[in-house]
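The entries follow in the order in which I looked things up.

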Amino acid sequence: MEWITLVYLVSGVAFIIGLKRLSSPKTARSGNAIASLGMLVAIVATLLNKQIVEFWQIGVGILIGGSIGAYFARTIQMTSMPQLVAVLNGFGGGASQLVAAAEFIRLTRSGEELTVMTGTTIMLASIIGAITLSGSFIAYAKLQGLKFIADRAVVFPGRHVLNLVLAIGALGIAGYVVFDPANGTMFLAMHLVAMVLGVLLVIAIGGADMPVVVALLNSYSGIAGAMAGFIINNNALIITGALVGASGLILTQIMCKAMNRSLANVLFGGFGSDAGGGGGGGGGDGPQGTIREVDAEGGAMLMAYASQVVIVPGYGLAVAQAQHVCRELAELLESRGVEVKYAIHPVAGRMPGHMNVLLAEANVPYENLWEMERINSEFDRTDVALVIGANDVVNPAARHDTASPIYGMPILDVDKAQTTIVMKRSMNPGFAGIQNELFFHDKTRMLFGDAKARLNDLVEEMKQIE
């Protein structure tokens with residue numbers, strides 16, 4: 001029908017506009033709403049065009065799924081957002097698997113011919129969807145810290161050969177099934193082999209690289225969705241899947257660039273394993289000098305009489321849910337005439353934009369958020385850099401220590417400030433598993449404890465300063 005094609009085109013335009021607006025914190029909320037509206041229009045049009053099942057069954061599915069989605073949307077903590085994204089990626093891959101399997105069963109049972117083109121598309125959607133499903137739930141388990149799997153990279157001799165054998169095996173089975181679609185057992189075997197491959201690919205990746213993996217799996221889910229769209233001849237699904245696949249790949253590339261690492265190194269390097277180098281290198285695991293501590297009173301005095309303070313938020317800020325008291329501290333400083341800026345590293349936190357969203361939740365003005373490329377030139381004239389729960393993204397070893405596993409990674413140049421105050425619970429290393437030499441610099445002062453509690457102390461001390 002011509003009207004359905006037109007509706008899908010309108011939905012596709014809405015998706016593109018939504019993605020464009022998601023690129024800025026100022027327009028992200030409206031972009032999300034526009035894209036959601038486009039999806040709603042596409043869903044309603046599809047249901048009106050093809051009544052696959054009874055409408056009451058569709059209503060029940062929408063009610064159950066919508067209720068679950070609304071519950072998680074309202075209750076999920078920002079620190080758990082990467083886990084939620086990983087799970088949603090898995091569901092997307094699983095949905096593509098089901099669509100491919102349903103069409104395969106329909107064709108084989110009806111006696112219709114399974115053309116090479118249709119068969120190939122079904123097999124690719126199945127394989128990519130299966131890898132996405134199993135890999136995403138392993139990523140979730142690692143991010144969530146579940147006990148049955150280590151968050152570090154789990155590597156073993158010959159893993160690359162085994163993965164190659166599984167990949168070739170899945171593709172070989174797929175080719176066999178295309179030319180012998182009556183063999184349903186082999187079709188099931190292909191799914192199982194692909195799911196095992198997804199597990200093995202992700203367990204070999206350490207926690208520090210999980211954000212990259214989640215972005216890549218998001219791309220996989222989009223590609224699988226686009227394949228599913230070709231299978232059932234649904235233009236809206238093709239457009240949506242292609243956009244998700246492309247944006248996921250672009251995001252993956254941006255994150256790899258932010259860490260100065262190639263995608264191949266992330267996927268196959270075993271970074272973060274006991275044998276793979278995470279925790280080794282030039283950073284070392286033990287103390288490298290004298291730690292200089294500061295209390296809340298001293299920290300407040302340093303910032304109260306500063307001209308410029310740059311706040312560097314990290315994952316520790318998110319864990320402590322301290323974004324609101326952080327904003328309160330910044331407002332107190334601004335009331336004293338201090339210029340306050342927030343330095344945002346692309347991979348601070350556990351997913352791209354994590355810190356932006358966290359600070360936006362606390363109503364921090366967008367214009368106060370400075371990306372790494374802009375803020376680094378400001379540290380030379382910064383009196384105090386306040387680092388809250390960030391670690392690897394402020395480690396100076398990345399600039400000069402060729403033996404460090406983070407060597408070459410672009411960092412925030414907080415060590416160039418007149419004074420750096422680092423807020424941490426302990427001296428434990430970050431995701432990369434190496435000690436941060438910033439902690440031992442002469443100009444660095446450590447303020448240990450829970451970020452929210454220590455920020456509250458700073459606020460109270462700031463109020464006492466005349």
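**Entry 1: Asp-415.** I looked up Asp-415 and found that it counts as buried, because its relative accessibility is 12% (buried means under 20% relative accessible area, exposed over 50%, partly exposed in between, with a 1.4 Å probe and protein chains only). I noted that the model is predicted, that local features need pLDDT of at least 70 and side-chain atom pairs pLDDT 80 or more, while totals for chains, interfaces and linings use all residues. Residues are numbered from 1 along each chain as its sequence is written, and side-chain values use heavy atoms, leaving out hydrogens and water.

I placed Asp-415 in the loop between helix 16 (397–400) and strand 5 (419–424). Helices (H or I, at least four residues) and strands (E, at least two) are DSSP runs, numbered from the N terminus. The side chain of Asp-415 makes a polar contact of 2.5 Å with that of Arg-399. A polar contact is a pair of N or O atoms within 3.5 Å; within protein, one must be able to donate a hydrogen and the other to accept it, and residues adjacent in sequence count only if both atoms are side-chain atoms. Leaving aside neighbours within four places in sequence, I found Asp-415 in contact with residues including Pro-396, Leu-438 and His-441 (contact means heavy atoms within 4.5 Å).

**Entry 2: Asn-368.** I found Asn-368 in the loop between helix 14 (354–361) and strand 3 (369–371). Is Asn-368 buried or exposed? Asn-368 is buried, with a relative accessible area of 15%. Its side chain is joined to that of Glu-334 by a polar contact of 3.5 Å.

**Entry 3: helices 1 and 9.** I then examined helix 1 (residues 2–21) and helix 9 (residues 235–258), whose axes come within 9 Å and cross at roughly 15°. Helix 1 is therefore roughly parallel to helix 9 (angles under 35 degrees count as roughly parallel, over 145 as roughly antiparallel, 65 to 115 as roughly perpendicular and the rest as oblique). Axes are lines fitted to C-alpha atoms, for helices over the stretch in contact, and angles run from 0 to 180 degrees between N-to-C directions. Among the residues making the contact I listed Tyr-8 and Phe-15 of helix 1 and Ile-239 of helix 9.

**Entry 4: helices 13 and 17.** Helix 13 (residues 323–335) and helix 17 (residues 451–464) pack at about 25°, with axes 9 Å apart. I therefore recorded helix 13 and helix 17 as roughly parallel to each other.
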